[in-house]
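Subject: Structure handover

Hello,

Here is the structure I promised to pass on. My notes follow below it.

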Amino acid sequence: MEVLNLYYKNATVRVSSPIISSNCPGRKTGRAVILLLSPFSFSNEKNSYFALGSNSRFLLTSTEPDLVRRICKIQSLRYVTLYDNNLSGELPLELTHLKHLELLFLFKNNFSGVIPQSLGVNSSLEKLDFMYNQFTDPIPPNLCFGQRLPVLNFGNNQLQGSIPSDVGKCPTLRRMKLEHNNLSGVLPEFLHNPDLEHVNIAWNNISGKIPPSLGNCTNLTFIDLSMSKLGGFIPPELGNLVNLRELFLAHNHLQGCLPPQLSTWKKLDKFNVGFNSLNCTLPSSLGNMTSLSTLILEENQFAGDIPPFLSELKRLILLRMGGNLLGGEIPSWIGTLKNLQYGLDLRSDGLIGQIPGSLGDLRMLVSLDISSNNLTGNLEVLNRMEALTEVNISYNGFTGPIPEKLMKLLSDSSSSFVGNPCLCINCPPSDGLNCERTSGFTACARSFSSHKSLSKTEIIMIALGSSLACVFLLHRRRKQHEVGRKSMEDEDLLFMQIMEATENLNDKYIVAKGAHGEVIKAALDHRDGSHSMVREIQIIENIRHRNLVKVEDFWFKEDYGLILYRYMENGSLHDVLYATHPPRNLEWSVRYKIAVGTAHGLAYLHYDCDPPVLHRDIKPQNILLDCEMEPRISDFGIAKLLDPSSASGTSMSISGTLGCTAPGDESFFVIYVA
């Protein structure tokens, strides 16, 4: 016969044994050319028969252990397709005797054991597909013996040993899939092969280096060598692969720099070198890969700022750069990558500064991870990113309220927001305590309806204490202190004018209340003001303790002066206990922390300062709370210095150096005006 084709429509056929014969009744006997027994699968019936149902698909049920061996008796076979069944057992050695065999498709079965090692020696194989089985032991060494093999698909098995050198030397090979096995050893050398297009050897135990000879296969469009143990450098010869569209080298041990020769990859669509040990700065050659939709550089040791040439990659839908040593700020051009959709990952990169407003232009972005950096500022820009369903901003220095559009994400994954002690949430007045308890974040101070947009350079805020009024100025750089001093000098009369206009800081002139205090205009009563200022500067200029406010700078003139303190984000203890409505719910651990911290500060003043200092005005209004609810004692305007040698505790002048090493700089400050 020329053709043995088991294919019938709308019929049910039952026979007592599998139809395997080189002679077909009613047909002229002769050479068998094609044997099609697929698709079919085993049932649980004990008898052996074929069942051909109305769906025109074979259902083969058999207890016959030598089915494939019986097929192999047809010596003239050229094509055998037994794919997508439940056939099991080992392949018989007789398979290697089919001298005319060209195509052998056995994928998606349960074959196991060793593939006959002489397969390919006696035939001219063209297509082999054994994927999705349970074959073990080495790949046969002579599969390309006839120099005609274009397709070698052995992926998703349990193959062991090394890849035969015969594979790399096969001049006709077009497609090689060996992924998801237990292969070891090194990659073979590749001869010049203009036909090879697809190489997938991922998820193995391949070691050694990427052979530079892989660059000889200039028509390669797909390479996946990820999830192995490859080391060394990425060979610059890969720059010869000008037709490459997808390259995956992730989860290896690659080192060194990305070679500049990769600038030829102008057709590259997906590039993944994540989870290696690559270093250096990112080469400008990346900017030439303008067809990229996916760029994954995460978990390496790339250094330097995020380079501006990445802004040329307008087609990116996924950018993952987290876990490197990049540093610097998130660039404003990030907003030009408007096609970013599936993810932007900049976690653990040592980034500083604020989130640029342009990030809000990424309206299609679904996933954002900027966790574990040193970012500051508020999260307001994230409110514009309507497509976000996954966000991680944990372990930074963000402040202010969590945007309304992120509140659902907060309830779904609060761990993505932790590590930002100065973040707060806008709770309904009627549900403040429960809101804080369920979210794990403190409630933001509520604003009056008349609250207006405040200047980024200067916000005047007041807190009363004995003869002092407190003016809040928000500065981004210490050099701006001079600007504040000049404006105060030039506008001396402003103080008295404000006091008169506000009837000595009457509450009815409060413009707004926020997380930073009360917003009004301020003037000062100058009665004995210079003496108070001198005393306060003398006492606390050099005092350094974590539970005392720190003097940043001061100005002292003939009829007025300024002391510049650090800004305390949570106001005073009085504000927290009595001034908020409803009052904030302070956990006992927080109350204990405030009490102990205050005691430590007083103990330092009494016993560690030389001479000792008596504050003489400790009250909730003079215990300020930073963003972590750590207490800081303030307002030393009527403090007294004690002579430890004097029993009467008379006042004396300061001598020597007070205090200890100052803590780190802060972003915001408080100015006390006498």
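Is Arg320 buried or partly exposed? At 26% relative accessibility, Arg320 counts as partly exposed. Buried means under 20% relative accessible area, exposed over 50%, and partly exposed in between (1.4 Å probe, protein chains only).

First, the ground rules. This is a predicted model, where local features need pLDDT of at least 70 and side-chain atom pairs count only at pLDDT 80 or more, while totals for chains, interfaces and linings use all residues. Residues are numbered from 1 along each chain as its sequence is written, and side-chain values use heavy atoms, with hydrogens and water left out.

**Salt bridges**

The structure holds 16 salt bridges (a side-chain nitrogen of Lys or Arg within 4 Å of a carboxyl oxygen of Asp or Glu). One of them joins Asp345 to Arg320, with the closest N and O atoms 3.1 Å apart. Asp345 sits in strand β23 and Arg320 in strand β22, 25 residues apart. Helices (H or I, at least four residues) and strands (E, at least two) are DSSP runs, numbered from the N terminus. Asp345 is buried, at 2% relative accessibility. Shared partners join Glu298, Glu299, Arg320, Asp345 and Arg347 into one network of salt bridges.

Arg347 also forms a salt bridge with Glu299, at 2.6 Å between the closest N and O atoms. Arg347 lies in the loop between β23 and β24, and Glu299 in the loop between β21 and β22, so the pair ties together parts 48 residues apart in sequence. Arg347 is buried, at 14% relative accessible area. Glu299 is partly exposed, at 28%.

**Helix α9**

Helix α9 covers residues 588–608. Its 21 residues reach 29 Å from first C-alpha to last, close to the 30 Å expected at 1.5 Å a residue (1.5 Å times one less than the number of residues). Its buried residues include Val590, Ile594 and Leu605. Seen down the axis, the buried residues of α9 fall within an arc of 120°, so they line one face of the helix. That arc is taken from the directions from the helix axis to the C-beta atoms. On the other side, Trp588, Ser589, Tyr592, Tyr607 and Asp608 are exposed. The buried residues pack against α8, β37, β38 and β39 (contact means heavy atoms within 4.5 Å).

**An open sheet**

Four strands form an open sheet in the order β6-β8-β10-β12, with parallel pairing (two strands pair if DSSP finds at least two bridges between them). The edge strands are β6 and β12, each pairing on one side only.

Best wishes
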